[in-house]
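I am opening a notebook page on this structure. The entries below record what I looked up, one topic at a time.

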Amino acid sequence: MQHWVVGTDVGGTFTDIIGMNIETGEQRLGKVPTTPPTYFDGIINGLKKANLSGEETQSFRHGATVSTNAVEERKGVKTALITTEGFRDVLGGGRAERISAFELDWDPPDIIIPRRDVLTVRERVGPWGDVIIPLNEDDVRLAARKIRKRGIESVAVVYMDSFMHPEHEMRTREILQEELPGVDITISYDVRPEMLEFERTSTTVLNAYVAPIMRKYMAGLMQTAKTQWNYSGPILITTGTGGVIGIDEAIKLPAVTFHSSPVSGAVGFAGYCGAMAGYENVIAFETGGTTNNVSMIYKGTPAMTREWKILWNVPCCLPSVDTIYMGAGGGSVGWVDKGGILNVGPHSQGAVPGPACYGQGGEEATNTDTQIVLGRINPDYFLGGDMTVYPELSRKALKEKIGDKYGWTAEEAAANMYMVAMTNLMLGIRLQTVSRGWDPRDFAIVPYGGGGALYACDIAREVGLSTVIVPPLPGYASAFGALRVDVRHEFVQPIFTLESQLDYDKLNKAMDDLIKKAIDTLAKEGIEPKNMVLQRLADVKYWSQANHFTVEVPPGKIENLEIITERFITAMRAKYGYVLPPGYVETEVVNLRVVATGIIPKPDLPKITRGGSLKEAAKQPRKVWFRDSGFVDTAIYQREFLPIGGTFEGPAIVEQPDTTIVIPPRTHSKIDQYGNIIIKVEK
Amino acid sequence: MADKEEIKVGVKEELREIKELKMDLITFEVLRNAFVSACYEGSTSIEQFAYHPVVGMGRDRSNGILTVDGGLVAHGHTDAAAHYGSFEDSLLNLFKHIPKERMKPGDAYMFSDPYEVGSHVNDTHLFKPIFYNGELIAFACTVVHWPDMGGPLPGTFNPEATSCYAEGVRIPPITLFKNNQLDEELFGLWAANIRQAVERRGDLTSQFGSASLLEKRVQDMCAKYGPETVKLAFEEQFNYIERLLYKELDEIEDGEWEFDDYGDQDVMAPGKPPIRVHCKLTKKGRHLTFDWTGSDPAPIGSWGGPRGTCLSANYLGFMIGFPHLFPLNRGITRNVEIITKPGTAVHVVYPSATTGYCSGAFDKVESVTIALMSQMLAESAPWRVYPGSVSLTNLCIGAYNPRTRKGTVQYTFSVGGENARTFKDGKDFIFMRFANAKTIPQELEERWFPILYTRYEAVNDWCGHGKFRGGFPVVRELDVLAESLMTIHGDREVYAPYGIAGGLNGGTGKLIVNPGTTEENNVGMYATGIKLKVGDHIWFSQSGGGGIGDPRERDPELVLKDVMDGWLSNEAARKFYGVVIDIVDEEALDYRIDWKATEKLRAEMKDMQFPEGRGAHQVHPVGKNIKPSWYPTPEQVQPHITVSRPPGW
């Protein structure tokens, strides 16, 4: 029987596999080295290591890191942009932003398509959808000839105001398909039919840039699953909205898969585990080697953003889970500036040469070095004992690079550097919660990744929140997350009409069309009508307000904007704490949206029955530094042996192969029925 | 009224000692980042809430925290230098009207009098006193550029104004909010005198909301760390920046440097010579003096700026020399002596017109300061040697939009080419250096205003050519869809952004109505109340960044790249760079350098001199002597900013 649901995540170093039996709750794990350039060997190795069989699997979920990597490493295909004559520099010009007023030495990253490959065509649609200049098909054919001669593999087509009248883009695609067989074509209407020419262009270009890579990768994945793993069931791909989509949809619109890996970790792992432990407001806090990712889940729903920047001037403007990336990880370097202030990062030592303790020639003091010197990370149990590290090198780096400048010992330097790193992370979290009008004290923090649990308790205390939840498998967050999310699509229709000028028949028709599109798409992916959840949304703002809010449309026919406006004002007050009096100016409907969710079977975290005692989990105690107490004798536990229902007081360190959990004094910890460690932090 | 004395600001003591940190290092670090991030948060909230696109999308707003004595502590990452440079001055002016003793929690004071805020009447300053347990701890300051402040012309810019009475309504410091409530009567008085007051109500709400947010953040810090610690942290911010500054100054040799730049014309005094802005920088040990008293008297038309203008432009130019000292705070301002003479173009007094300050006096003071800093740093930090850059042009169009049935005031600012660097070409498509603005998307403007864009593209060949070239400016073309009234208030139509070390000056700005037709009207950078009819077409371009070094020394491969990308015509490649390029197949992008012909052409051009002058594509007579001691690589540029950037930056 096909009882298994399998999730994979292909990371830079490791490929993670997790299989869960939907009937019994049994879990099987595989962590194997990633195998570029074809990642399939690693996936198959992992599946084998986890002892999972294709015949017994009902659903295979895959994190498509390939698209994000292609953009970040600039390894997409040679791409051209066709746009409206007169607007050649919309892409390169961006929004003319700079990073700060003073840094004239700063440069944004190079744009993805050089200006020479931005080709223009005579055509123009007006802001209200009227054709001002008809499409000049000869220009399109000339552009096609240039594209052929230049060996370009993928084309983005973006015309001004095309979302109001997509016919020009559609006709252009037809001509290009005739002229350029085998070349991928992306039109902006399919990617992001919304206002803002630069943002739409950038998103469409990103899609075109990775489309051929995605297509080949997905074909390879299907082929490999079939031939080497005997699996021909559905393959679902994770997206940046915290959902999955069918492989055909992913090929059609690869841009929706950008940064899906951290997102599925945040939504399907941190959000889910938090909810199972009884917390629906969760800060998902992932710390790896070079970056720190933070997402917020409020009342069970992840905070979304409409604009996500892959690079400074490369926005991808599709709805996605708002994930902030802070340049603070295990490899971040501590240094003293000329004004005598201690800084950590943003420079990172990465994996090579890595922290000083790796003994690979790194001489800088990194966050990992501070954790070793402070007794938190056990040097004899680094990566479960698989890696040898040299604590004396950590001590040397901290003393020489920092301690000597202040007359500190290595331990004092480590303590201070730890505090700087921790408070930087804390500020980022504060900014993300308070700037949304949320009180961080209403949240629980779920740390994961290699380093999250090293900082989480101190951050919790600093921000004023009381609960830290450490789920059992922090090293498999993204693969696990892929198992806990549903199929999710989003459809949008621009409206741009003031309340006084709204034609409600047209508005309802537009909404009905979106619903139909949503149902069709879900049905094509094999979702039964009873498992479809359709959320009707409207983007609204006051007339002349620059930015809009997304609110839920009440059920039934839309006959007026009363409730919608009320909800919009409530949302505005929640975010800013202030609003304009209702009726002060007219409301404008910007877009209608439908979020289509297809509920699919999701394995639950199994309840664990594990007896034993704390004593059996205890290892050799050692001296560990904590913020309030300095170095104290501290109990050390092995995670796998902690008894379910067991409780203990801080200070303590819990060790497991993929992370170390630092539990400071004045805390009470409990192991719940799922194996989560729930740490209550006193003020 | 300012007196006739020369006014000195800055240095309070002749010799300052380096002060060591007197508080816990970690608390200092936390609060240092918290101050800046609170300002950033405030600015972001305005950006998202505000009404007019120039505020919401264009970011013409700023936030700051100041001490009770008027010392600037921090400002946001994306704020406008033209705003926060005058915060200190502005707060001291507020005290003259409303003494500290009279201030109460829940008050907010607002004013737009240009001589008080230090810029122009559109920049409304809102100060909110921050109390903790009854004690005044600090001030929150929020500035938003209101797109219209009344007066004869939509957008309030008026190049032909000869006094403040021909611009907008001047609001002296008033208590506009009491107990956190807007005084509707006072605001009504204001609102009755400006266009689209409904929108301004939205901008005002966001402005007050942002100041309240800063208030809350500082109060939270007081609750957590204690008010004494927070106040000490203010002073320690200053001492820290001061320590960094002294380390820099100790490595720079003493000296005196001079530079001048010109405004094209005094519109209201035809035939008079251009407006000269001059400064002498003296560095002696840790003592710096910028002396602006050699500048021309205030023009009759709207060009000059009040004293605050000169301060903020001078501070900006100074910080561009030392960007790692971010943010601008009292640690800098108390160490820079700035001398101005009331009644000069860089220190106009009541009742001189001021709306044009930003494209006039501010731009020139900034450009002169950067030229002075470049000379001072040529030896010690050759990567901080910069030529002139794109200047600001304010384009205002007032119209009734028949489509949306709303009256509108469009305010669009220019995007142009930035200065070249000694290690790289200048950036294209960027704002003038004093604003951290963003462009307003054309698709958004078209929905608001009765216009249709037909072009948003670089102006080919129009940069300052050089070994490293300046950035390219942008041309916007648009069709007019309803009867409109247009004002253009800019500069640099004649006097281009300067090139240095033999690099050429950048291109100049232009605005033409109905180009290429019998009705062609070259209105230039100064025009008031131009009536536009349906079907008129506007061509509007900006200035381009100045170049560095002789263009004939430019790597031919870089010239080839520019020609392939369509920045540079083949003719310009020959004329300025002496590089001959064969276009074998344009469609296939087969472009090749003809090395032999290039060598020959460069040999022929060896003794040729580019014309000397201050116009487009000439060699600047003073700028040519500003030379970096050596040409660094991008990797050699240092140090960098250490304050935490907002997540995602």
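This is a predicted model: local features need pLDDT of at least 70, side-chain atom pairs count only at pLDDT 80 or more; totals for chains, interfaces and linings use all residues.

**Entry 1, hairpin in chain B.** I looked up β22 (581–585) and β23 (590–593) of chain B, and they pair in the antiparallel sense over four bridges. Within this pair I find I583(B) bridged to Y591(B) of β23(B). The two strands form a hairpin with four residues between them. I checked the turn and noted L589(B), which has a positive phi of about 65 degrees.

**Entry 2, sheet in chain A.** I traced an open sheet of four strands in chain A, in the order β29-β30-β32-β33, with mixed pairing. Its edges are β29 (618–626) and β33 (659–663) of chain A, each of which pairs on one side only. On average, neighbouring strands are turned by 30 degrees against each other, direction ignored. I then looked at one pair in detail: β32 (652–656) of chain A runs antiparallel to β33(A), and five bridges join them. One bridge I wrote down is V654(A) with I661(A) in β33(A).

I looked up α7 (197–225) and α8 (227–250) of chain B. Their axes come within 6 Å and cross at roughly 115 degrees. From α7(B), V218(B), M221(B), C222(B) and Y225(B) meet P227(B), T229(B) and V230(B) of α8(B).

The contact takes 70 residues from chain A and 81 residues from chain B. Several elements of chain A supply at least two residues each to the side that touches chain B, among them α4 (137–149), α7 (197–229) and β25 (487–498). α12(A) gives the most, with nine residues. I sorted the chain A side by class: 32 nonpolar, 19 polar and 19 charged.

Which helix of chain B did I find packed with α12(A), and at what angle? It is α1 (25–49) of chain B, at about 20 degrees, with the axes 10 Å apart. Angles under 35 degrees count as roughly parallel, so I log α12(A) and α1(B) as roughly parallel to each other. The crossing of α12(A) past α1(B) is right-handed. Residues of α12(A) in this contact include N416(A), M419(A) and L431(A), and those of α1(B) include L25(B), E29(B) and E41(B). The contact of α12(A) with α1(B) divides into eight nonpolar, four polar and two charged residues.

Conventions. Residues are numbered from 1 along each chain as its sequence is written. Chains are lettered from A and ligands numbered from 1 in the order in which they are written. Two strands pair if DSSP finds at least two bridges between them. Two residues are in contact if their C-beta atoms, placed from the backbone, lie within 7 Å. Ala, Val, Leu, Ile, Met, Phe, Trp, Tyr, Cys and Pro count as nonpolar, Asp, Glu, Lys and Arg as charged, and the others, Gly among them, as polar. Axes are lines fitted to C-alpha atoms, for helices over the stretch in contact, and angles run from 0 to 180 degrees between N-to-C directions. Angles under 35 degrees count as roughly parallel, over 145 as roughly antiparallel, 65 to 115 as roughly perpendicular and the rest as oblique. A crossing is left-handed if the near helix is turned anticlockwise from the far one by less than a right angle, and right-handed if clockwise.
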